[in-house]
Amino acid sequence: MWLYLAAVLAGLYLLRRWHRERQTVPRLSEKYVLITGCDSGFGNLLARQLDVRGLRVLAACLTEKGAAQLRAVASPRLQTVLLDVTSSQSVAAVTAWVRERVGDQGLWGLVNNAGTALPTAPNEWLTKEDFVKVLDVNLVGLIEVTLSLLPLVRRARGRVVNVASVMGRVSSFGGGYCISKFGVEAFSDSLRLEMRSFGVKVSVIEPGYFRTVITNAETLEKNFLSVWEKVPEETKASYGENYLKEFLVALKQMMKKCSPNLTLVTDCMEHALISRFPRTRYSAGWDAKLLFIPLSYLPSALTDAIFAWSYPEPAQKA
């Protein structure tokens, strides 16, 4: 009896959530959305996706080539601008550019999508500068863009959508990437609380492994080899050449499992922007839902043991 009642209540809850989440905000064609990192990957696809929906897309690209290619496949509504999120001057210029376009109605959506993963390697192989390169884009740049545009988002009572990662829930490799994504989670949580009274909603996207420029196997392999060449001889002796070779083999196997279906991520982004009741967090991809997010709730000792299965053995282990 109790199981039957629990099942009914769970079904009613899911039905109510489904109904709420299908409701969209009105007048989409009047709303401006700025997306960073639109040269390729999630940002590029989302820009085209929202353009088809009729929103006024402001697509920020790092390169003119990326901007031109995007304009060629989009409607005249879509506008592009060059943005380097690591440059305060560039951020200030884009903020002024956005203000001119949105006017008094403000900016409905800000999607912080720009990101990088390189250089990445075991922490001991890296330098402070290697960490800073990633943190400047993924975290510090994201924060500066958000703070610069937040008055316009508040004016519209709009949305901030920050792209984190499942690696912002569990950290399984070294370098600045996981650190930056944990930071994005923390910044988003505090911002969500602060913006609540202003009617601004903040959502976090937590993708699993997807096939993008960041997960290109050849680029990652070149990165590892480049980092390895700079590692001190004493450190190289501790890890050994076999460690590097096995790490590269494991890397290639992992990259083969990356999902090519980027719409699983961009659909989450779109929902966070246009739903009347957006979620706080979106887990995109079956690996995120069934592996990484559940792992984040397990005891650390158990999570460490699971991740350690894929790690090679160093030459001079204890």
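Modeller: A salt bridge joins Glu270 to Arg53, the closest N and O atoms being 3.4 Å apart. The pair links distant parts of the chain, 217 residues apart, with Glu270 in helix H10 and Arg53 in helix H2 (residues 41-53); helices are DSSP runs of H or I with at least four residues, and strands are E runs with at least two, numbered from the N terminus. The model is predicted: local features need pLDDT of at least 70 and side-chain atom pairs count only at pLDDT 80 or more, whereas totals for chains, interfaces and linings use all residues. Residues are numbered from 1 along each chain as its sequence is written, and side-chain values use heavy atoms, with hydrogens and water left out.

Colleague: Why is the pair of Glu270 and Arg53 called a salt bridge?

Modeller: The term requires a side-chain nitrogen of Lys or Arg within 4 Å of a carboxyl oxygen of Asp or Glu. The structure holds twelve salt bridges.

Colleague: What makes Glu270 buried, and how is Arg53 classed?

Modeller: Glu270 has a relative accessible area of 11%, and buried means under 20%, exposed over 50% and partly exposed in between (1.4 Å probe, protein chains only). Glu270 is therefore buried, whereas Arg53, at 39%, is partly exposed.

Colleague: Which residues are in contact with Glu270, leaving aside its neighbours within four places in sequence?

Modeller: Leu46, Gln49, Leu50 and Arg53 are in contact with Glu270, where contact means heavy atoms within 4.5 Å.

Colleague: How do you know that Arg169 and Glu206 are joined by a polar contact?

Modeller: The contact between their side chains is 3.0 Å. A polar contact is a pair of N or O atoms within 3.5 Å; within protein, one atom must be able to donate a hydrogen and the other to accept it, and residues adjacent in sequence count only if both atoms are side-chain atoms. Arg169 lies in the loop between strand E5 (159-163) and helix H6 (176-195). Beyond four places in sequence, Arg169 also touches other residues, including Phe182, Glu185 and Arg281.

Colleague: Which residues are linked with Arg169 in a network of salt bridges?

Modeller: Glu185, Asp189, Arg192, Glu206 and Arg281 are linked with Arg169 in that network. Within this group, Asp189 and Arg281 form a salt bridge with closest N and O atoms 2.8 Å apart. That pair connects helix H6 with strand E7 across 92 residues. Asp189, at 26% relative accessible area, is partly exposed, and Arg281, at 27%, is also partly exposed.

Colleague: What is the volume of the second largest pocket?

Modeller: The second largest pocket has a volume of about 240 Å³, a volume being the space filled by probe spheres set on the grid points. Its lining has 13 residues, and helix H10 supplies the largest share, five residues.

Technical notes. 1 Å grid on protein atoms, 1.4 Å probe; cavity = no way out; pocket = protein on both sides within 12 Å on 5 of 7 lines; lining within 4 Å.
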